[in-house]
Amino acid sequence: MFPRPIEQQSQAIRIGYQVALPIALFLWLLPLIGVAITSVKPASDLAAGNYFGMPSAIAVNNYAEIFTQSPIGQYIWNSFKVTIPTVIGTLVLSCLTGFALGIYRFRGNIWIFFMFVAGNFVPFQILMVPVRDMTVNLGLYNTTTGLVLFHVAFQTGFCTLFMRNFIRALPRELIEAARVEGVSEFRIFWYVVLPLMRPAIAALSVLIFTFIWNDYFWATVLTTSKETQPVTAGLYSLNGQWIAQWQLVSAGAIVAALPPVAMFFLMQRHFIAGLTLGAVK
């Protein structure tokens with residue numbers, strides 16, 4: 001049912017694996033390598049048609065120009081203003097809903113849970129027009145608040161699925177013992193369940209931070225100005241009016257990718273623990 005470990009395969013398969021793995025890794029990283037090389041090319045190289053070759057000189061000043069010739073600092077700040085409240089709001093709601101759906105057994109539990117999960121199966125393109133019209137009618141179009149509220153509403157379904165399944169795997173005896181002692185339900189959640197959810201919270205924090213930070217579709221649909229656009233939507237402004245400054249766009253893309261990468265490495269231990277908890281006895 002499960003694939004055999006590579007160590008138990010024949011020598012030919014092991015050699016093929018050792019050869020194919022670095023090739024696959026190189027192909028996977030090739031677009032990133034191309035963006036990194038383009039980010040240090042002089043503008044003259046791109047003007048001369050040197051799109052795929054090595055740069056004639058290392059133009060590190062491209063990284064300084066994106067901050068002096070564009071409002072990328074404002075775009076990055078906008079991304080933080082959208083991402084951090086979304087992560088906090090999503091985690092708070094999903095912890096509460098996951099606790100309610102994972103602990104309490106009542107008629108209709110599975111149907112409420114299904115409603116949370118069902119929204120994740122609706123394609124973004126179908127929601128584009130009604131969501132845009134709703135934000136316009138509510139006065140939330142082209143605002144950070146509108147973007148945050150939408151992301152919180154849409155991400156809570158996936159996070160509830162994650163939290164509910166995580167909580168259902170916890171020892172129920174802990175909760176029953178607390179109830180016998182007369183502890184209130186909120187205190188059970190706060191002092192018994194929530195500390196055990198830390199690995200799951202850390203894993204979801206990294207996932208949701210990455211999802212929201214890298215979102216491009218809704219950033220372009222629900223925002224239009226540099227005061228509200230996240231960095232993914234604002235990168236296009238790095239192109240000039242009459243010429244495409246791809247060296248600046250590439251440098252901006254590298255800078256924009258640093259926060260989620262830093263977030264992952266800072267939370268790596270908790271992230272892996274949260275994903276693998278319960279995988280083995």
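Helix α9 (residues 185-196) packs against helix α10 (residues 198-213) at an angle of about 60°, and their axes are 4 Å apart. Helices here are DSSP runs of H or I of at least four residues, numbered from the N terminus; axes are lines fitted to C-alpha atoms over the stretch in contact, with angles from 0 to 180 degrees between N-to-C directions. That angle makes α9 oblique to α10, a class left over once under 35 degrees (roughly parallel), over 145 (roughly antiparallel) and 65 to 115 (roughly perpendicular) are taken out. Leu194, Pro195 and Leu196 of α9 meet Arg198, Pro199 and Ile201 of α10, contact being heavy atoms within 4.5 Å. Five of the contact residues are nonpolar, none is polar and one is charged.

This is a predicted model, in which local features need pLDDT of at least 70, side-chain atom pairs count only at pLDDT 80 or more, and totals for chains, interfaces and linings use all residues. Residues are numbered from 1 along each chain as its sequence is written, and side-chain values use heavy atoms, without hydrogens and water.

Helix α1 (residues 11-39) has 29 residues and should span 42 Å at 1.5 Å a residue; its end C-alpha atoms are 42 Å apart, which agrees. α1 has a kink of about 45° at Leu30, shortly before the proline Pro31.

The unreviewed UniProt entry annotates "transmembrane region" at several spans, including residues 110-128 and 246-267.

| Span | Helix | Strand | End C-alpha distance |
|---|---|---|---|
| Residues 110-128 | 74% helix | 0% strand | 28 Å |
| Residues 246-267 | 95% helix | 0% strand | 32 Å |

Asn142 lies in the loop between α6 (124-137) and α7 (144-168). Asn142 has a positive phi of about 60°, although it is not a glycine.

Key:
Helix = DSSP H or I, 4+ residues; strand = E, 2+ residues; numbered from the N terminus. Expected span 1.5 Å × (residues − 1). Bend = angle between axes of the 7 residues up to and from the residue. Nonpolar A, V, L, I, M, F, W, Y, C, P; charged D, E, K, R; others polar. UniProt positions renumbered as here; feature names shortened; annotations may be inferred.
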